[in-house]
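Please walk me through this structure in the viewer, one selection at a time. I would like to know what to pick next and what is there.

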Amino acid sequence: MKRTISAMRGPGSLKHNRRAFTAENVDAERTRYNVVYKDEPIKQVYHELFDDALERYNSKQKRKDRCISDYYEHLRTGKQEKVFHELIVQIGDKDNTGVTTEDGQWAATILDEYMQDFEKRNPTLRVFGAFLHMDEATPHLHIDFIPYVSGWKGKGMDTKVSLKQALKALGFAGGTKKESELNQWINAEKEQLAAVMERHGIEWEKKDTHEEHLSVLDFKKKERAKEVAELDAVKQEKQTELAQIQQQTQEAKRECQKQTKELNEIAPILQGLESLSAQYSQRPEEWVPEAGTFETAKSYRDKKAIPLINKLVKILYSLHHKYWKVKNECAKFMERYADEREANQNLRQRIEMLQEENTRLKAVEHNFGRVWSYYGAEQVKRVVELMAGRERAAQNVQRQKREHENVI
């Protein structure tokens, strides 16, 4: 009998490993068959491994800002080393080694035997979590460990987290990018598992796949990058639309300023008309000429009254003409001004809506990253495909309903 071996880096979802939640691909009725080899609080293990070294390191620092108060948090918030790593080990697949089959049962037995000597073989990999899952499609191991080195003479603490140095201490050093220390170690662990399989009469079936050395975490990063790129495209589209609306808002503001300037230019004319009207509408005795001592009525009429009346008629006609001209101009400008103010208000509301939508998109992107990290790429893809299938089915039902109604 032949079976494949799968050994790869995992995403390190401790809640998933501990079954703090039940994922869609988990059969909750079978969870009781899972085996927990180790489940220690990671922070407690960090104190056990590094507190003494941390105290020695801090005592040598002359500047307080170089001291490390919490080594776990120091790594978690930094970029140099991961706080822990995970190895996922599996024999066969769901088609030939299903968890409910007899083959699945002996696969679990072999994985259990392999796990018994894991820490002895890897003393620089401190295991704090190890779980055999029997409630998914195929039996498999999750091994969570902290790689560390002791007696370090270089920079930093003398006992510290270092995957490279921990593997080097196990004999895996140098190599190419494809055959890194980690890949060398993983291949060696496959050989260890194959040896256990051979004792049970199972031969290792080797398959050369394109993604053989691509870890689960790397694959998830690729898939997540695609999703993030799509969200970034939507975000960029909204930002472009927002920029266009802001430009329209600026143009509307300039138009309003132009109209305000024109209204300010008309204002002196209105003030002049008001002054002229006031001049000829109050205290007429001050501007109506008096008759001469021996002046006749006809002479007063022809020489003073009629010229004055003609002058008043011209002034009134001019006032009337200017009044209606200014009134029409004011009405036109006020109408345009009101339209621009309304458009400006609409643009402002649209900007606020886009800004809120942009904020929601950022939150969606952030939460999507959390869900992806928590559930893993495979689970998220299954949920997305499931929901997309349901939507397509609903759309087909609606389409068939409309076609049926049209036939009737």
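Helices here are DSSP runs of H or I with at least four residues, numbered from the N terminus. The model is a predicted one.

**Helix α10.** Select residues 377-407, which form helix α10, and find V383 within this helix. V383 is partly exposed, at a relative accessible area of 33%.

**Strand β6.** Next, select residues 140-149. Ten of the ten residues of strand β6 are buried, so the strand is largely enclosed by the rest of the structure. In a regular strand, side chains alternate between the two faces of the sheet. Colour H140, H142, D144, I146 and Y148 as one side of β6, and L141, I143, F145, P147 and V149 as the other; both faces are covered.

**Partners of β6.** Show strand β4 (residues 85-91), which runs antiparallel to β6 and is joined to it by six bridges. Here V89 has L141 as its bridge partner. Then show strand β5 (residues 125-133), paired with β6 in the antiparallel sense over eight bridges. A130 is partnered by I143 of β6, and a hairpin of six residues joins β5 to β6. Strand β7 (residues 160-161) is also antiparallel to β6, with two bridges; V161 of β7 stands opposite Y148.

**Helix α7.** Finally, select residues 181-199. This helix of 19 residues reaches 28 Å from its first C-alpha to its last, close to the expected 27 Å. Its buried residues include W185, I186, L193 and M197. Just after α7, stop at G201, where phi is positive at about 80°.

Definitions and conventions:
Residues numbered from 1 in each chain as written. Predicted model: local features only at pLDDT ≥ 70, side-chain atom pairs only at ≥ 80, totals over all residues. Heavy atoms only, no water. Expected span 1.5 Å × (residues − 1). Buried < 20%, exposed > 50% of the residue type's maximum accessible area, 1.4 Å probe, protein only. Pairing = 2+ DSSP bridges.
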